[in-house]
There are 2 protein chains.
Amino acid sequence: MKLKNSKSVTIPGFKVAGIACGIKASGIKDLALIYSDLPAVAAGVFTKNQVKAPSVTLNETILDQGHPIRAIVVNSGNANACTGKPGMVHCRTVIESVAKHLGIAVNEVLVASTGVIGVPLPVEKILYGLPHLTRHLSSKSWEFAAEGILTTDLVPKMKSVEFTLGKKKISIGGIAKGSGMIAPNMATMLGFLATNASISKAALQKALALAVGDTFNRITVDGECSTNDMVLILANGKADNTEITPGSKAFDQFTEALTAVCRDLSFMIVKDGEGASKFVTILVEGAKSREDAEVLGKRVANSLLVKTALFGADPNWGRIVCALGDAGVSIKPDKVEIAFNGMAIVKDGMPLPDISMAKLKKKMKCREVEIVLNLNLGKASCPTYTCDLSYDYVRINAEYTT
Amino acid sequence: MKLKNSKSVTIPGFKVAGIACGIKASGIKDLALIYSDLPAVAAGVFTKNQVKAPSVTLNETILDQGHPIRAIVVNSGNANACTGKPGMVHCRTVIESVAKHLGIAVNEVLVASTGVIGVPLPVEKILYGLPHLTRHLSSKSWEFAAEGILTTDLVPKMKSVEFTLGKKKISIGGIAKGSGMIAPNMATMLGFLATNASISKAALQKALALAVGDTFNRITVDGECSTNDMVLILANGKADNTEITPGSKAFDQFTEALTAVCRDLSFMIVKDGEGASKFVTILVEGAKSREDAEVLGKRVANSLLVKTALFGADPNWGRIVCALGDAGVSIKPDKVEIAFNGMAIVKDGMPLPDISMAKLKKKMKCREVEIVLNLNLGKASCPTYTCDLSYDYVRINAEYTT
């Protein structure tokens, strides 16, 4: 399938906005809105953390009702999590105000928050900002919306693709945020996607789950799964294609395109990981099952010793073998093979003789490192995408908040 | 029971030594020996990592045979792990040479290694050093032995206690090493203990398992469980007390004293944790089971976001609640209570009103921080001991090795 990639986003029938309403003391953007001209089919995936923000539980309830959605409102700078009943009241108040300003029903609005946990949401600032936000709605403002949802992120994250379905042009695009508290367990950050495709709710939910499983759920910055994570998608049907249903060829094409958008957005999150200086792919091969490969890849990717070795451009494979042995998955240490950026360094669990350390160290200094771990136990494989752990991660997270 | 505590170690009937044999390029001590005048009952606990160094598998085999032990030889600067069959041959060669120099049987020697993984053991340096090592054996050299087993540790770790059993004076003491790659999963570092008590093998093994379960297994620096971890104890019976057997009052007294030694040694490891600036106790209370409390305590203690917040003296309890919710153990978020150094800050999962941030921040700046997490679900509790994550952890582990 031919995909037309773009770093900017415009989706027919969608208008967006991003403004500063004063939640962030720095005065940068902290409020975003995505609005669909037409009632849109909606789907979402949510954090598996037992501690869920009101925005998560509220959206789950709204999506369960199955009716069309018109808008998503997002604030950054405050997670509105661990805020008890007042937090839920604040969440509803924001939704009601958005609905009023847009002239739509209350149950047509989804909501998300990100930022500090446990601080009451400054709801009056959001209510003050909402008329400005709706006034700024434009089909060309995705970058402003992308800025409005950031916390410790350094860059806004946007991506869109176009492809043809029958004779109709389908666009899928969106924005994401995430830099710390990033680990693969359902949605592990915020992502908001939009498409002009006509697609059934069942097909949209299934396509989103498939796309997220291979992309957002495969990344980790620090092994932390947040209270507010979600990925939402709205499909407004404006492309006027034959409705996509599960199991069709069009479904596969749509899922492929959606996965491409999610992959790029998730990679942007890893590359913008707090303090990250390297983008690292941990590819576990030769596993007995995909689940084994996932667990092992995540264990290696979240190892502090592996992450700091990567920061130091140190090919310290011993730490990798040690992490593999400690993951709770049965392996045969003397069968393990390891390669760094295509250079084999371990076979049968032992270092190969005659490795050029000079050559190896040069490979480790690349900004992108691929580590292939072959267990030689089966045929399953799974990639995990991560970053190194640098001084800046510590600085950012020792200074953030209070 | 009255325990006489000491920071130095002398155990009747034991001689020890520590020297530099050239494994460490820096020329500091890297070889240690513990020798018992009398055949000693021995017990050990070992790493649960599937990737085990030859020293671990060899000791497990020797201890299974059940005969008395006379010596423990330890090198630092090289873990002799992931070194394949040559690694096992090297391990046996060292044991044979120690036995020859001491005039004891080969199966009376235990062995341990710690340092870099995957580099062939420079066995010729150890063999060259052994005659010097045995010549330096002395009952007063425990500090030198403690120095000989260190890697990234900043300080040697020693401790002993004395107590009276009947009319006999019992001494228990030992040394430990550990600074990084420290997480609670059986023994998570090296520890070598000695006692003059007369005790059955079954009682010694049981007492060691109990003591380690409450001490070494409750600490974590970075969530990494190494390939070489072990705690060994030798009991030479020189005190001439009635042999201690499981289930007796004497057994409980011995276990209490042994636990006191292990607790102090394990706390020394946390305080000397790589880059550590704080000693942190995470006490999970009100859990349904001790296992739940262990898992939750470990999850919070290993959270990068919690550790960096502690480094920044930031009372960021939201990160703690987030980690609790992500530990795979069922909790009720709205029942959680949190206190920092005795100051209650969260009740019913929400921040208490009127908290003095100034007072709280002052508490967070203490070198010792106790965080009590009450789940209000049951009566079980468990402490986990950890440290913060600082720039120096990253520096040490980005620079270590190659």
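How many helices and strands are there in chain A? There are 11 helices and 16 strands, where helices (H or I, at least four residues) and strands (E, at least two) are DSSP runs numbered from the N terminus.

Before going on, a word on what we are looking at. This is a predicted model, in which local features need pLDDT of at least 70 and side-chain atom pairs count only at pLDDT 80 or more, while totals for chains, interfaces and linings use all residues. Residues are numbered from 1 along each chain as its sequence is written, and chains are lettered from A and ligands numbered from 1 in the order in which they are written.

Let me start with chain A as a whole. Its radius of gyration is 22 Å, close to the 21 Å that the globule rule gives for 402 residues, so chain A is as compact as a globular protein of that length. That radius is taken over C-alpha atoms, and the rule is 2.2 Å times the number of residues to the power 0.38. Along the principal axes, the C-alpha atoms of chain A fill a box of roughly 70 × 55 × 35 Å. Of the 402 residues, 59% count as buried. A residue is buried if 20 or more other C-beta atoms lie within 10 Å of its own, exposed if 12 or fewer, and partly exposed in between, with C-beta atoms placed from the backbone.

Contacts come next. Two residues are in contact if their C-beta atoms, placed from the backbone, lie within 7 Å. Among the contacts in chain A with a separation of 6 or more, 80% are between residues 24 or more positions apart.

Now one helix in detail. Helix 7 of chain A covers residues 290–301, and at 1.5 Å a residue its 12 residues should span 16 Å; the end C-alpha atoms are 16 Å apart, which agrees. The expected span here is 1.5 Å times one less than the number of residues. Is this helix mostly covered or mostly open? It is mostly covered, with 9 of its 12 residues buried. Among them are A:Asp292, A:Ala293, A:Leu296 and A:Val300. The buried residues of helix 7 pack against several elements of chain A, including strand 11 (279–287), helix 8 (304–311) and strand 16 (380–387).

Strand 16 of chain A is where A:Ala380 is found. A:Ala380 is partly exposed, with 17 other C-beta atoms within 10 Å. A:Ala380 and A:Arg290 are 90 residues apart in sequence, yet 5.1 Å apart in space, C-alpha to C-alpha. Leaving out residues up to four places away in sequence, A:Ala380 touches A:Ala287, A:Lys288, A:Ser289, A:Arg290, A:Asp292 and A:Ala293.

On to the two chains together. A rotation of 180° with 0.0 Å of shift along its axis superposes chain B on chain A, with an RMSD of 0.0 Å. The two copies are thus related as by a two-fold rotation axis. Which C-alpha of chain B is nearest the axis? That of B:Tyr391, 2.7 Å from it. The superposition is by least squares on the C-alpha atoms of residues with pLDDT of at least 70 in both copies.

At the interface, 51 residues of chain B are in contact with 50 residues of chain A. On the chain B side, helix 8 (304–311), helix 9 (317–325), strand 14 (350–351) and helix 11 (391–399) each supply at least two residues. Helix 9 of chain B gives the largest share, 6 residues. Of the interface residues of chain B, 98% are also interface residues in chain A, so the copies meet through the same surface.

What about the core? The largest nonpolar core has 263 residues, and A:Ile34 and B:Ile34 touch the most other members. Such a core is a set of buried Ala, Val, Leu, Ile, Met, Phe, Trp, Tyr and Cys residues joined through C-beta atoms within 7 Å. Beyond its neighbours within four places in sequence, B:Ile34 is in contact with residues including B:Phe14, B:Ala71, B:Phe192 and B:Leu234.

Last, two loop residues. A:Asp348 has a positive phi, near 55°, and is not a glycine. A:Asp348 sits in the loop between strand 13 (343–347) and strand 14 (350–351) of chain A. In chain B, B:Asn376 also has a positive phi of about 55° although it is not a glycine. The loop between strand 15 (368–374) and strand 16 (380–387) of chain B holds B:Asn376, and with 16 C-beta neighbours inside 10 Å this residue counts as partly exposed.
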